[in-house]
Amino acid sequence: MSAVVRMFYNVPVIGWLVKDAVHGTPEAKYFFAFNIVVLLIGGIYFIGYPLLITLGLIGSAAGLSGLVLLTCGDAFDRRAAKAVARAPAPPVRKPSMRRAA
């Protein structure tokens, strides 16, 4: 485990909750999610509507960034930079001459 993660797990309350959610019982993940929701609702109650707008703007920016990352694969495709072999040209057909009867 990296040193940064171990240091984060040692942060009081927040790190302990994350560590318990990752390494604890299966129910710990649900308790952690419930605590996050309660903190968000409490923050919106105390700070008010600006926090709700800010969270909405952050969410929309994250969503748009995710869409760009999902769809930009063609712009950075390494296969497109390689030379593409072209199909051979079809043979030239000689015009058929019909004799007048």
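The views below show a predicted model, where local features need pLDDT of at least 70, side-chain atom pairs count only at pLDDT 80 or more, and totals for chains, interfaces and linings use all residues. Residues are numbered from 1 along each chain as its sequence is written, and side-chain values use heavy atoms, leaving out hydrogens and water.

**View A. The crossing of α3 and α4.** Here the axes (lines fitted to C-alpha atoms over the stretch in contact, with angles from 0 to 180 degrees between N-to-C directions) of α3 and helix α4, residues 49-71, come within 6 Å and cross at roughly 130°. The two helices are therefore oblique to each other. From α3, Leu 40, Gly 43, Ile 44 and Ile 47 meet Tyr 49, Pro 50, Leu 51, Leu 52 and Leu 55 of α4; contact means heavy atoms within 4.5 Å. By class, these residues are eight nonpolar, one polar and no charged.

**View B. The two sides of α2.** Look in helix α2 (residues 14-23) for Gly 15, Val 18 and Ala 21, which are buried (under 20% relative accessible area, 1.4 Å probe, protein chains only). Seen down the axis, the buried residues fall within an arc of 130° (taken from the directions from the helix axis to the C-beta atoms), so they line one face of α2. Their cover includes α1 (3-9) and α3 (26-47). Trp 16 and His 23, on the face turned away from the buried side, are exposed (over 50%).

Definitions and conventions:
Helix = DSSP H or I, 4+ residues; strand = E, 2+ residues; numbered from the N terminus. Parallel < 35°, antiparallel > 145°, perpendicular 65-115°, else oblique. Nonpolar A, V, L, I, M, F, W, Y, C, P; charged D, E, K, R; others polar.
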